[in-house]
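These are my notes on the model below.

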Amino acid sequence: MTESIGIKINEIVSQFVDVYLAEAETEEYPYAVYTSTITPVYTKDGIDHYQSDVVITIYDKDLDAINPTASKIQQAIVSLMSGGKYSARQLRDYSDCTDGVWSRELSYTINQYN
């Protein structure tokens, strides 16, 4: 089994906003950055599944523009990562503003099964 959580997150988020792994490669708003910490979960037979802590942060100068994008991402993750190969559980949804730039952080635990 090959881990594919990061690939799936990138596919989902990129439908709605430019997305980058760990660090933005642009200064054009809006954009999103995600991190994913993968841990294999073992049984006596080997890897049972992968568990990932995923944080997706959306940045824009307008909070009213971030909220619909965040909602679309949340709905897509729930629909595309529920049942079957993946399961997702949202842990946190947090908004903040620093130096006139809004951010909305969506945090998940995602499991990938065979």
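1. Which residue in E2 does Tyr20 stand opposite? The model is a predicted one, and in it Tyr20 faces Val33 of E2. The strands E1 and E2 run parallel and are joined by 3 bridges.

2. The next pairing is that of E2 with E3, which is antiparallel and extends over 13 bridges. A hairpin of 2 residues connects E2 to E3. Within this pairing, Thr39 has Gln51 of E3 as its bridge partner.

3. Helix H1 spans residues 5-13, and its buried residues are Ile5, Gly6, Ile9, Ile12 and Val13. Viewed down the axis of H1, these buried residues fall within an arc of 125°, so they line one face of the helix. The elements that cover them include the strands E1 (19-21), E2 (31-43), E3 (46-60), E4 (86-98) and E5 (101-112), together with helix H2 (63-80).

4. As a general matter, nonpolar side chains in soluble globular proteins tend to be buried together. Here the largest nonpolar core has 22 residues, and the members that touch the most others are Ile9, Val13, Ile56, Ile73, Ile77 and Ile110. At least two residues of this core come from each of H1, E2, E3, H2 and E5. H2 gives the largest share, with 5 residues.

5. Which residues does Ile56 contact, once neighbours within four places in sequence are left aside? They are Ile9, Val13, Ala32, Val33, Tyr34, Ile73, Ile77, Arg104, Glu105, Leu106 and Tyr108.

6. Thr57 is placed in strand E3. Is Thr57 buried or exposed? Its relative accessibility is 10%, and it therefore counts as buried, the cut-off being under 20%. Not counting residues up to four places away in sequence, Thr57 touches Tyr31, Ala32, Val33, Ser103, Arg104 and Glu105.

7. The count of salt bridges is 3. One of them joins Glu11 to Lys8, with the closest N and O atoms 3.9 Å apart. Glu11 and Lys8 are 3 residues apart in helix H1, so about one helical turn separates them. Glu11 is partly exposed at a relative accessible area of 45%, and Lys8 is partly exposed at 22% relative accessibility.

8. A salt bridge also links Glu105 with Arg92, where the closest N and O atoms are 3.7 Å apart. Glu105 belongs to strand E5 and Arg92 to strand E4, so this pair ties together parts that are 13 residues apart in sequence. Glu105 counts as partly exposed, with 23% relative accessibility. Arg92 is partly exposed as well, its relative accessible area being 41%.

9. What is the N to O distance in the salt bridge between Arg104 and Asp93? The value is 2.7 Å. Arg104 is in strand E5 and Asp93 in strand E4, so the pair ties together parts that are 11 residues apart in sequence. Arg104 counts as buried at 10% relative accessibility, whereas Asp93 is partly exposed, with a relative accessible area of 37%.

10. Tyr29 and Tyr31 form one that is stacked, at 5.5 Å centre to centre and with 20° between the planes. Tyr29 is partly exposed at 31% relative accessibility, whereas Tyr31 counts as buried at 11%. Ring pairs link Tyr20, Tyr29, Tyr31 and Tyr59 into a cluster.

Technical notes:
Residues are numbered from 1 along each chain as its sequence is written. This is a predicted model: local features need pLDDT of at least 70, side-chain atom pairs count only at pLDDT 80 or more; totals for chains, interfaces and linings use all residues. Side-chain values use heavy atoms; hydrogens and water are left out. Buried means under 20% relative accessible area, exposed over 50%, partly exposed in between (1.4 Å probe, protein chains only). Helices (H or I, at least four residues) and strands (E, at least two) are DSSP runs, numbered from the N terminus. The arc is that of the directions from the helix axis to the C-beta atoms. Contact means heavy atoms within 4.5 Å. A nonpolar core is a set of buried Ala, Val, Leu, Ile, Met, Phe, Trp, Tyr and Cys residues joined through side-chain atoms within 4.5 Å. Two strands pair if DSSP finds at least two bridges between them. A salt bridge is a side-chain nitrogen of Lys or Arg within 4 Å of a carboxyl oxygen of Asp or Glu. Rings of Phe, Tyr and Trp (its six-membered ring) pair if their centres lie within 6.5 Å; planes under 30 degrees apart count as stacked, over 60 as edge-to-face and the rest as tilted.
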